[in-house]
Amino acid sequence: MTVIEPHRAGSFDSLAGAVGETPLVRLNRVTDGIAATVYVKLEYLNPGGSVKDRAARSMLDAAEADGSLRAGGTVVEASSGNTGIGLAALAVARGYRVIVVLPDKSSAEKIALLRAYGVQVHVTPGGRPIGHPEHLRSVALRLVEATPGAWFASQYDNPANPSAHYRTTGPEVWAQTGGRVTHYVAGVGTGGTISGAGEYLKEVSGGAVTVIAADPDSSVYGGGDGRAWYVESVGHYLHPRTEEDEWPSSYHPEVVDRFERIPDTESLTLLHRLAREEGLLLGGSSGTSIAAALRVARTLDADQVVVVVAPDSGRSYLSKYFDDEWLGRLGFPLVTPASTVTVGALLGLAETGQRDPALYPGLTPDAAAPFVLPSDISVAAARALFGSARTLPVRLARPRSGAAVIAEILGSVRATTLAEAPDTDPITDHMDEPLPVIGVTEPVTAALRRIGEHVGPVLVARVGVAVHTLDAARFATAAADYEVRDTVTEVDSAGYGSTVSEIEHDAARTGPSTVQAGTGIVVGEREVIVASGEAGANAEDAEAGTRASEVGTDAAQAGRRAPKGREGAAEAKSGVPAAARGVVVVGTEAAKPGEAESESVVAEIASGRAPSAEGVES
């Protein structure tokens with residue numbers, strides 16, 4: 001049996017010698033209330049940046065030894081990124097060409113890294129069934145056939161993959177803990193890491209080490225139905241059209257004692273904590289594995305030692321898991337929570353995704369949950385389900401009902417299109433692009449920018465799942481109304497501010513002169529102009545308000561209509577037409593009997609740009 005001495009720095013003849021012997025680092029600040037010791041094995045410190053360097057070296061060595069990879073040959077692999085990167089770094093150092101096929105969900109950083117190594121990169125749509133011409137493996141095998149001297153690494157079924165971890169990862173963990181490890185936790189992707197190291201640790205400990213598999217909540221390995229999730233490089237996806245599911249032979253299920261199924265939001269939230277509290281910037285699958293390890297550790301005593309593998313670094317996912325634009329669109333918790341009103345707050349959506357109408361009664365989503373058509377029905381069946389809707393999203397049909405994952409929304413269909421389509425056609429023959437998506441955690445201004453001039457429904461997402469459909473015009477109107485009523489601050493000459501409600505209160509108490517026309521105030525970060533609507537200014541304006549002067553866009557074209565009773569605003573009192581001043585004026589309702597006679601009217605300064613470019617009123 002292999003015995004490894006604790007890590008010592010060394011000098012190596014090639015890059016391959018630097019693979020392995022990565023350190024264990026104890027978690028100290030995210031372990032409140034946990035008595036057991038939790039160590040993280042930092043695999044991103046391998047030269048290629050991930051745990052996959054181990055399998056890459058092992059597979060290359062085996063291929064060279066058996067003659068399947070010869071001098072001047074080409075390495076071909078289907079990978080979510082890390083194995084491709086590990087193979088690239090080691091293979092180019094040995095003089096080989098490298099071709100890697102990746103799914104389109106792989107991060108931009110991984111694709112850029114591969115190209116930096118000179119790899120020929122092929123990106124293919126993810127989420128295809130096994131055997132589909134665009135499935136990763138199908139594309140890779142065609143490239144092997146078309147490339148003289150090509151060798152297919154086949155990490156999912158290559159015995160050199162788990163063997164690498166039996167020979168290195170497992171022995172390192174045992175040596176680094178002095179044989180005290182009691183629980184070993186790792187994610188399951190190809191299965192090599194958990195199978196090889198887990199098998200070694202069980203053998204060397206006489207069966208005392210418990211092996212726990214961390215798996216995305218919907219992954220098939222742990223009992224999910226295989227629908228899509230957002231953490232890369234872990235789990236087993238199952239397309240509903242897959243005729244026969246094939247698990248990798250690199251995965252040895254008998255080694256695993258139990259699973260911890262981790263939802264994406266738990267993984268991503270922990271990633272953010274690890275970076276800010278432990279100084280560990282880790283990748284998404286590390287969040288999944290460490291979340292599982294912490295669950296396990298909470299049940300253990302102080303003499304127990306948990307070791308969890310962190311496969312790669314967060315530097316490969318800065319554009320995703322650490323990017324608030326990416327997180328916000330899908331409704332995941334942001335790295336830095338929004339400082340302005342969020343989509344969820346505007347809609348009155350609770351943490352569960354269910355709407356609390358008491359929070360904002362002025363805006364009601366179109367339904368309690370989004371009505372989404374399955375992709376396997378005919379045009380005639382779709383027509384029968386449409387009801388009064390004009391446009392509906394289409395999701396990948398699955399045999400079991402469940403969450404409508406945004407990643408499985410294939411497109412949308414319009415009632416007008418289906419009205420003229422043949423009854424027996426599949427609806428997928430008549431699909432348009434997917435609907436825009438806004439997330440409950442992102443600022444309203446970011447959501448409005450993304451919607452742009454879209455007319456019709458948008459999808460509202462929470463933790464990657466569609467929870468509502470909502471008309472874009474109603475959303476924009478409610479956003480403008482919310483800003484007028486709740487986030488406007490007057491700025492006086494000294495730079496101090498007060499809210500619109502305070503301005504209105506002062507106007508009611510001291511009379512119209514309190515708020516003079518042309519007063520500068522701020523909505524969010526935008527300066528606006530207040531036009532007073534006091535009695536006597538203009539009878540017509542006081543009763544209903546004038547129609548808004550709009551700059552750069554037409555509200556009807558953009559699908560944005562001001563709410564009834566709040567259409568437009570007065571240009572009166574400034575003495576300058578709104579269009580000439582470059583402002584968009586948003587009105588308020590006329591005063592009702594018993595209410596204050598003066599309500600503020602706000603106008604956004606557009607700075608020469610169309611209002612929609614600022615994402616507020618268009």
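**Reading helix packing and a mixed sheet**

Guide: Helices H7 and H8 lie roughly perpendicular to each other, a label that covers angles of 65 to 115 degrees (under 35 is roughly parallel, over 145 roughly antiparallel, and the rest oblique). The model is predicted, so local features need pLDDT of at least 70 and side-chain atom pairs count only at pLDDT 80 or more, while totals for chains, interfaces and linings use all residues. Residues are numbered from 1 along each chain as its sequence is written, and side-chain values use heavy atoms, with hydrogens and water left out.

Visitor: At what angle do the axes of H7 and H8 cross, and within what distance do they come?

Guide: Two packed helices are described by the angle between their axes and the distance between the axes. Here the axes of H7 (residues 264-278) and H8 (residues 284-297) cross at roughly 95° and come within 8 Å; axes are lines fitted to C-alpha atoms, for helices over the stretch in contact, with angles from 0 to 180 degrees between N-to-C directions. Helices (H or I, at least four residues) and strands (E, at least two) are DSSP runs numbered from the N terminus.

Visitor: Which residues of H7 and H8 make the contact?

Guide: H7 contributes Glu266, Ser267, Leu270, Leu271 and Leu274, while residues of H8 including Ile290, Ala291, Leu294 and Arg295 meet them, contact meaning heavy atoms within 4.5 Å.

Visitor: In what order do the six strands of the open sheet lie?

Guide: Strands of a sheet pair through backbone hydrogen bonds, either parallel or antiparallel. This open sheet has mixed pairing and the order E1-E2-E10-E7-E8-E9, where two strands pair if DSSP finds at least two bridges between them. Strands E1 (24-26) and E9 (258-262) stand at the edges with a single partner strand each, so one side of each has no neighbour in the sheet. From one strand to the next the twist averages 25°.

Visitor: How many bridges join E7 to E10?

Guide: Three bridges join E7 (residues 183-187) to E10 (residues 305-310), and these strands run parallel, with histidine 183 opposite valine 306 in E10. Helix H5 (residues 160-176) lies across E1, E2 (37-42), E7 and E10, running at about 140° to E2.

Visitor: Where is glutamate 21 found?

Guide: Glutamate 21 belongs to the segment before E1, and although it is not a glycine, its phi is positive, at about 50°. Glutamate 21 is partly exposed, at a relative accessible area of 31% (buried means under 20%, exposed over 50%, partly exposed in between, with a 1.4 Å probe and protein chains only). Serine 233, in the loop between E8 (210-216) and E9, also has a positive phi, near 65°, and is partly exposed at 26%.
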